[in-house]
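Here is a short report on one protein chain. Look through the sequence and the model before reading on.

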Amino acid sequence: MRSYPIERVRNIGIMAHIDAGKTTTTERILFYTGMTYKMGEVDDGTAVMDWMVQEQERGITITSAATTCAWRDHRINIIDTPGHVDFTAEVERSLRVLDGAIAILCGVGGVEPQSETVWRQADKYRVPRIVFINKMDRIGADPERAVLQLRTRVAAKPLPIQIPLGREDGFRGVVDLIDRKVYDWGQDILGTDYVVREVAEENREEVEKKRQDMLEMLSEHDDGLMQKYLDGVEVSAPELRSAVRRATLALEVVPVLYGASFRNKGVHPLLDAIIDYLPSPADVRPVTGHHPRTQAEETRPASDEAPFSGLVFKIANDPFLGNLAYFRVYSGKAKVGQAVYNSTKGEEEKLSRLLEMHSNKRKEVKEIYAGDIAAMGSTKAISTGDTLCLKSHPIVLESIRFPEPVIAATIEPKTKADHPKLATTLAKLTREDPTLKVTQDPMTGQTLLRGMGELHLEIIMDRMEREFGVRANLGKPQVAYKETIQNAAEGEGKYLRQAGGKGLYGHCVLFLEPLDRGRGFEFVDATRGGVIPREFIGDVENGVREALEAGVVAGYPVTDLRAAFIGGSYHEVDSTPVAYKIAASLAFREAAKKGSPALLEPLMKLEIVAPDDYLGDIVGDINARRGKIEGMEMRSGSRVITIHVPLAEMFGYATTLRTLTQGRGVFAMEFSRYERTPRDVQEEIVARIEGRIPFRADA
């Protein structure tokens, strides 16, 4: 039996830039909703949601953690996501399965680089959100600037529904503009006791003005409210809440609240806002997908009566249960012992046990319903992005797309005893983390570990030793370059082999043309009139895809092009799938050489915050690193510089910036896009690979 009606369920994520206070806010929510009896602290390494040893040691969130709590007779499923750019995949997969989100901003830093990234991810999945401007007690807190940055940096429509009561050391609480009440925590450290009172006489004019501004903005999206506003009719608090909820769910406005989670102020109104303004699964549009065989569009409403469907968004290794597959139930219900169909892989899975997760702890449940987030013991067949459904009502939901790794390093076991365990451990970790890739270096045959950044690879190495007992050496990080073509070109590949009896024959002609950055690879069958039997066309595509793994410039993966299969021939007896794969690979390489092949390098978005006195030195150093300055602004007495710079030039930058600014400068860096590598840099990289000049480990 369902414990809460679907209308009283909230599936939310907490997202923000690193160090904005996501985990601290989650810990306060768990404490005030009665899920924990003691507040966990990130700084002390006691946060419930940061359960990994590495998270407790470093004071950062590395993996998204799911938990459940209750407030005002509603069930809230929360996923606390990482803020560090190296773990952006955790945010991506969480937002894919959530209905709403809390975007936390630092009252001092405002909209920071990773805030912009997670905001764009939420826009992509059309996730309604509320903004919580945290750290209002910090020196330099400037909530007005944070609200302005929401408009200018992420093109949001912020709707402040509160006024902060003081700021910095004087921050005491908030004034709610909807019910015209003051929520005052005073100097209470624990934050459990607060006073709700009427607005003081001297503040009424400001509150009324701000409330009118809120009404004016809301009425733009609500005809009924517009009429009352124009007629000067008083709008009641329940009417206002309904209007804010409708506008929030329609992604027309973003309600803004204020608080100081570390000082336990502002969390209670935030919990109320989750219930009042964020959607239940029933408020979200029915999920769409396609039939695995007919490809016809299918929809599933968020109802227990609809056929079961769910999406696997995370695989985790559990020391006691083996693999756990976290999944979101979009429709229907399922119980322990039932068989579900993995429509992505075309295989059936038995639900041997179902778990409700609370960070790394778990509670067994017998049945799950539409809107639930749960975990199941998984087999090796299940992977992130797979759809679970009923075999009698199959559907394939849109999968999750992850960013490509931008950094690579060689990895090798420390001892012979570690050798067999290394491959097994890497296979487990790559199943768990889709942004982690293991490949072979085509030049040296060494194993390459690819990831999102130096910290990402460092954490993986630490986990391998602590969790799996595997010791390995990691080489110096290198940039994960890619290759592409700049011009359209045609290539022909013919593979003939005769060794007595039946031979091998494959022949195909390919036409390659470049695509816009970020488009990846497309294959098109443009042949007419049965040039070769249909069964070999898949082999031609496979041959091209294999050839993409090592380009013609320096052996890096090839991307951003379309390959059209335009011609070829076949032999009645000797044509085989293998021959066409080889012929396609030969045709691809010939066409790629003619198409002005070029190297692509990852470009990073860099934000530096440092005192004005060091501006000249910082800019000079950035210019030497081939960086382009995009903008500058002043923030709380410091200069904020936004730059695009190649990743190849940024290894060891933390030490350089500390030296240039006497330890007073900080920076945040995230992947932006791939761009064409300048010709002189490309020639230098190729010369290093060919051994004509010494190899620099960081390039």
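## Overall build

In the protein chain, 72% of the contacts with a separation of 6 or more join residues 24 or more positions apart. Contact means heavy atoms within 4.5 Å. This is a predicted model: local features need pLDDT of at least 70, side-chain atom pairs count only at pLDDT 80 or more, and totals for chains, interfaces and linings use all residues. Residues are numbered from 1 along each chain as its sequence is written, and side-chain values use heavy atoms, with hydrogens and water left out.

The protein chain has 16 helices and 38 strands. These are DSSP runs numbered from the N terminus: helices are H or I with at least four residues, strands are E with at least two. Of its 699 residues, 57% count as buried (under 20% relative accessible area, 1.4 Å probe, protein chains only).

The largest nonpolar core holds 49 residues. Such a core is a set of buried Ala, Val, Leu, Ile, Met, Phe, Trp, Tyr and Cys residues joined through side-chain atoms within 4.5 Å. Leu95, Trp119, Val131, Ile133 and Leu150 have the most contacts inside it. Helix 5 (residues 143–154) gives the largest share, four residues.

A second, separate core has 47 residues, including Ile12 and Trp71.

## Ile133

## Helices 6 and 8

Arg211, Met214, Leu215 and Leu218 in helix 6 meet Leu240, Ala243, Val244 and Ala247 in helix 8.

Methods
Buried < 20%, exposed > 50% of the residue type's maximum accessible area, 1.4 Å probe, protein only.
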